[in-house]
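Keep the viewer open as you read.

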Amino acid sequence: MRTDLAASYGEERLPRYTSYPTAPHFSRAIGPDTYAAWLAEIPTNASASLYLHVPFCREMCWYCGCHTQIVRRDGLIAAYQRTLRSEIELVAATVGRRIKIEHIHFGGGTPTIMKPEAFAELMATMRRAFFVLPSAEIAVEIDPRTLTADMVEALRLSGVNRASLGVQSFDPVVQRAINRVQSFEQTASVVDMLRRAGIKGINFDLIYGLPHQTIASCLDTVRRALTLAPERFSVFGYAHVPDFKKHQRMIKESALPDGPARHDQACAIANALKEAGYVQIGLDHFAKADDSMAVAFREGTLRRNFQGYTTDSSELLLGFGASAIGHLPQGYVQNEVQIGAYSQSVVAGRFATARGYGLTDDDRLRADIIERIMCEFSADLGAICARHGTAPEAMLKSAPRLKELVSDGVVSLDGDRLAVASDARFLVRSVAAAFDAHLDAAKQLHSRAV
Ligand SMILES: C=Cc1c2[nH]c(c1C)Cc1[nH]c(c(CCC(=O)O)c1C)Cc1[nH]c(c(C)c1CCC(=O)O)Cc1[nH]c(c(C)c1C=C)C2
Ligand SMILES: C[C@H]1O[C@@H](n2cnc3c(N)ncnc32)[C@H](O)[C@@H]1O
Ligand code: SF4
């Protein structure tokens with residue numbers, strides 16, 4: 001790695017660019033009426049993707065940065081499922097016809113915390129409200145510690161074809177320090193059940209930079225994970241934001257690896273996965289060479305949305321549930337984060353849109369550039385600007401931070417073609433940030449770039 005660059009850029013707090021502008025720029029100016037108007041304008045032939053958020057877990061993992069809460073009463077989950085169905089019906093009624101659906105993603109929290117019948121019922125509601133294409137990709141985030149055989153059967157019957165499993169680390173010392181004890185056997189048995197049910201697209205989430213993690217610990221987790229041969233891995237650096245997420249205070253900061261140690265862990269994991277035949281994709285993904293995400297990466301059709309890297313090419317993402325974010329041609333919308341506020345709105349027959357952002361033409365151009373940089377580590381500024389009816393010169397002039405990145409050897413510019421240096425890919429967020437016209441105000445809110 002370029003230690004010189006890590007020192008000068010690595011400590012910067014920068015967004016992960018799962019959208020542009022990023023979520024902290026959403027404002028209360030966008031509410032239920034705007035969302036309803038945007039939905040009513042969806043073109044006749046459009047197809048969409050759906051994201052459903054289920055913000056419940058049985059126990060809190062202390063590292064968790066997701067929107068979730070601990071629930072003991074199943075009644076709360078059942079009520080939430082009914083609210084989700086109402087929201088789906090409300091959206092479908094506002095659109096006015098059954099739009100085609102290419103992708104569905106159940107995220108959380110832990111979507112499989114629902115009763116199997118409730119999950120199946122939710123899928124049936126979606127299939128009535130929308131035209132879920134036979135080829136649709138249907139993905140569910142799964143906590144292997146709580147998945148039951150009945151739920152696997154419900155997933156199979158509902159047409160689920162992808163599963164993303166939280167693994168994080170197999171090291172028992174790390175597991176105790178993050179309050180997430182999960183045996184290898186538990187994970188292996190879940191993988192086996194899913195595959196027997198025909199759910200073959202399996203992803204493992206791993207994290208480095210957790211308390212007590214070392215290179216050896218990370219490599220041991222990878223070695224064990226590889227014996228289960230998932231199609232994909234997501235590998236995240238632990239984002240420690242105890243001011244946002246109070247339960248992260250349970251993590252002893254003295255046990256956290258420092259910046260250089262985190263970087264070494266990231267490199268060790270990446271090398272081990274590449275050696276095992278996985279293709280490195282973007283910031284944090286790895287996939288078998290014949291996996292659809294690896295194909296999308298090779299062909300330049302990889303996309304980035306709120307779930308991270310995706311093969312989903314739809315311009316329309318409809319979000320359901322508390323805190324869920326949607327993306328329409330006109331802009332972004334986010335639902336109320338608190339389950340109470342979310343449910344109250346939907347039960348009263350109103351959208352729960354709490355904030356959002358209306359895109360300008362300049363935002364759309366920058367969003368395109370930033371997405372290509374995050375997905376491909378390069379961007380043909382000439383071609384992208386041409387698609388937006390402008391010339392690249394003005395864009396380059398309005399990116400003053402780019403000069404420094406070029407002189408530091410992080411980025412090269414060959415005419416209008418920008419490329420991140422192969423030994424500086426870990427700084428891709430800094431390169432994307434050079435095109436971010438909204439950056440400074442929200443800078444402190446984001447996790448470290450590396
Ligand atoms: C599956 C769990 C999720 C992770 N991130 C999100 C989910 C659903 C989505 C999300 N998380 C945050 C935001 C910002 C806006 C908001 O409503 O709070 C969104 C859209 C908050 C957040 N997540 C992380 C940090 C550092 C923050 C706060 C600051 C910021 O907006 O950048 C870290 C983090 N969370 C997740 C991952 C994988 C991750 C870092 C690698 C999970
Ligand atoms: C959805 C995935 O997000 C990852 N995840 C959850 N919280 C954090 C965090 N604070 N930092 C990094 N990754 C996190 C886990 O790997 C989970 O499985
Ligand atoms: S990591 Fe997954 S299981 Fe753990 S608290 Fe977060 S959402 Fe729940």
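By class, seven nonpolar, three polar and one charged residues make up the shell around ligand 2. Here Ala, Val, Leu, Ile, Met, Phe, Trp, Tyr, Cys and Pro count as nonpolar, Asp, Glu, Lys and Arg as charged, and the others, Gly among them, as polar. Keep in mind that this is a predicted model, where local features need pLDDT of at least 70, side-chain atom pairs count only at pLDDT 80 or more, and totals for chains, interfaces and linings use all residues. Residues are numbered from 1 along each chain as its sequence is written, while chains are lettered from A and ligands numbered from 1 in the order in which they are written.

So who is in that shell? Ligand 2 is surrounded by Y63, C64, G65, C66, G166, Q168, D205, I207, F236, Y238 and A239, where a residue is near a molecule if its C-beta atom, placed from the backbone, lies within 6 Å of it. The elements that give two or more residues to this shell are β6 and β7. Helices (H or I, at least four residues) and strands (E, at least two) are DSSP runs, numbered from the N terminus.

Now turn to ligand 3. C57, M60, C61, C64, C66, T68, G108, G109, T110, D143 and G166 are the residues around ligand 3. Sorted by class, the shell of ligand 3 has five nonpolar, five polar and one charged residues.

One residue of that shell, G109, deserves a look at its backbone. The peptide bond from G108 to G109 is cis, with omega near 15 degrees, and G109 lies in the loop between β4 (100–108) and α4. Another cis peptide bond joins Y20 and P21, with omega about -10 degrees; P21 has its place in the loop between α1 (3–9) and α2 (32–40). For context, most residues other than glycine have a negative phi, and most peptide bonds are trans.

A229 has a positive phi near 50 degrees without being a glycine, and its place is in the loop between α8 (215–226) and β8 (232–237). With 12 other C-beta atoms within 10 Å, A229 is exposed. A residue is buried if 20 or more other C-beta atoms lie within 10 Å of its own, exposed if 12 or fewer, and partly exposed in between, with C-beta atoms placed from the backbone. F377 is not a glycine either, yet has a positive phi of about 60 degrees. F377 sits in the loop between α12 (361–376) and β17 and is partly exposed, with 19 other C-beta atoms within 10 Å.

Back to β6, then. How many residues of strand β6 (residues 162–168) are buried? Seven of the seven, so the strand is largely enclosed by the rest of the structure. R162, S164, G166 and Q168 point one way from β6, and A163, L165 and V167 point the other way. Strand β5 (residues 131–142) pairs with β6 in the parallel sense over four bridges; two strands pair if DSSP finds at least two bridges between them. In that pairing, I142 stands opposite L165 in β6. Six bridges join β6 to strand β7 (residues 201–208), and these two run parallel, with I202 in β7 as the bridge partner of A163.

For helix packing, find helix α3 (residues 74–95) and helix α4 (residues 116–129), which pack at an angle of about 5 degrees with their axes 9 Å apart. That makes α3 roughly parallel to α4, a label for angles under 35 degrees, with over 145 roughly antiparallel, 65 to 115 roughly perpendicular and the rest oblique. Axes are lines fitted to C-alpha atoms, for helices over the stretch in contact, and angles run from 0 to 180 degrees between N-to-C directions. A78, Q81, L84, R85, I88, E89 and A92 in α3 meet A118, L122, T125, M126 and A129 in α4, counting residues in contact if their C-beta atoms, placed from the backbone, lie within 7 Å.

Last stop: an open sheet of three strands in the order β17-β19-β18, with antiparallel pairing. Its edge strands, β17 (378–380) and β18 (411–414), each pair on one side only. β18 and strand β19 (residues 417–420) pair in the antiparallel sense over four bridges, and D414 stands opposite R417 in β19.

Notes: Two residues are in contact if their C-beta atoms, placed from the backbone, lie within 7 Å.
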